Amino acid sequence: MMDEAGRIVASGLTKRFGAVTAVDDLSFAAGPGMVTGFLGPNGAGKTTTLRMLLGLVVPDAGTATICGRRYAALPEPGRVVGAVLEAPGFHPARSGRDHLRVYCTACGYPLRRADQVLEIVGLAGAGHRKVRGYSLGMRQRLALATALLGDPPVLVLDEPANGLDPEGIAWLRDLLRGHAVSGHTVLFSSHALPEVEQLADRVVIIYRGRLAGQGTLAELAGDGEAVSVRTPHTDQLITALAAAGARPERTGPESVRVTGMAAAEISRIARLQKIDLHELAAHRSQLEQVFLRLTTRPAGEEPAADHPRGDLA
Amino acid sequence: MMPLAGAEFRKLFTTRLWLWVLLASAAWATGYCALAIAFNTGNSGLMPPLSGAAGQHALLAIGPGGAGPLAGVLAAIGVTGEFRHRTAATTFLATPRRGRVVGAKLVTYLLAGGGLALASILASLMVVLPWLTAKGIPIFLAENGNLSVLAAVIASAAIFGVAGAGLGALAGGQLATVTGMLMYLYVAEPLISRISALHGWTAYLPGVAADGLTQATQPGVRFLTPWLGGVVFACWTAALAAAGTLRTVHRDIT
């Protein structure tokens, strides 16, 4: 039991809605001490998967466990798992504080816990207002407050950054990071790669309901971003860039591939050294390449490809 | 179960809907009683004289009795609101044993229905007692079986609350549930119960059985006795509650 503490395990999860297989034999795990991003384009099956983890949707096959048990079999689920669902729902005529107090009562927490979590998510001043007056970002914060009520070690968040402004995303990153650093588990879904790159340590990529890849950001990103440069003065440039701490390598008589330095910095150094550049192109990170390759696979390539291409937009 | 019912009561009382329904029920109760007393000449044929037991029964059954269908509407809106506003997911995350959540809702609206009826009775008595006394018509709640009628009104509204919650859990859609329930009670059932070929069994329809319970009778329609009507109405309601619970336990919350 101990080694299952804080672990989320999906194995062989399958869910069909009519003729559409939303999730197809999906297995992955997320462990404590890190933030795991669950990445995939819209319609890939992320929400259905997370809802199966949380016992809201019954899988046609496979199992999902959190800390070794099905969600519904957890004795006090609110004290183990905090969840934020996609487009979280609130009664528009109920205040944020009352919303939280409803679930304090249902779970047997003291009512003052509602005020504490409002404080944590930065909504203390808005708690008495009806939810219909909340912005998208405030609703997202209220959903997170609801998830935090039971002070759970495991967080499962479906598109938590939706509706947050850059400041809100920075706040979310600190919150998730702090949760993971204190040895807890965070699994969050996103369709946006930059979000995952900003927030996650480890990524599970899903495409058309199937596992497309998983690993740490470093594993998936390889050497990081590479910049290719074309110049008649390759030797000079390589010397200058190496002296500045980059890792240049010659790839042709007039071309150099540089890792470990941004394109802007390369351009600045070349200008200072009066080296002509004929071309300067930043390559996408390998994670982005992996993601794009996986998610722009032509329709019909897979036997179960009953999603129209438009789904992937 | 107690914390869950507490949470359901908190849901009920943290929006204003209950207040509007209470005001509507009190307005119907007092309005109906005021009109009935003002226009009761004793031989209008629409209503027996208020000096007699039959007239007093009708007054007390129909006035505060409006609380019944309104309790059903309140419950149906409350339960379907969880799906309409997508709070059902949060509710079932807090309590994955969904049967217990539905059970707590049924208890909550049973009590809410009873409370609504009680409030409507008090409102109507504030009109009925002073006015009839002023008209020189003695009315005593403890006489003529009036107390039984008032108890039946409370029981009926409590059962209506459970029925509305069960129907809401079964149907899910808010507008469909509320309009469906009202159309059934006020259009379909009155039409069916006037088909003479069906006369033998229309008294067993849920709404007609509820009227049998409170003896809010109309001419030309056959009604059950209060006890039998109450049992039949409660059976219909239990079936709705069971079906609603099953549907809610097994549905995917997407």
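## Chain contact and an antiparallel sheet

In this predicted model, 23 residues of chain B are in contact with 27 residues of chain A, contact being counted where C-beta atoms, placed from the backbone, lie within 7 Å. On the side of chain B that touches chain A, the elements giving two or more residues are α1 (2–13) and α5 (88–94) of chain B, and α1(B) gives the most, with 6 residues. Helices (H or I, at least four residues) and strands (E, at least two) are DSSP runs, numbered from the N terminus. The residues on that side of chain B divide into 9 nonpolar, 9 polar and 5 charged, where Ala, Val, Leu, Ile, Met, Phe, Trp, Tyr, Cys and Pro count as nonpolar, Asp, Glu, Lys and Arg as charged, and the others, Gly among them, as polar.

Within chain A, 4 strands form an open antiparallel sheet in the order β11-β12-β10-β13, strands being paired if DSSP finds at least two bridges between them. β11 (247–250) and β13 (279–282) of chain A each have a single partner strand, so one side of each is left without a neighbour in the sheet. The twist averages 20° from one strand to the next.

| Helix (chain A) | Strands touched (chain A) | Angle between directions |
|---|---|---|
| α9 (residues 234–243) | β10, β11 and β12 (255–259) | about 160° with β11(A) |
| α10 (residues 263–272) | β10, β12 and β13 | about 160° with β13(A) |

Residues are numbered from 1 along each chain as its sequence is written, while chains are lettered from A and ligands numbered from 1 in the order in which they are written. Local features need pLDDT of at least 70 and side-chain atom pairs count only at pLDDT 80 or more, whereas totals for chains, interfaces and linings use all residues.

Notes. Axes fitted to C-alpha atoms, helices over the stretch in contact; angles between N-to-C directions. Contact = placed C-beta atoms within 7 Å.
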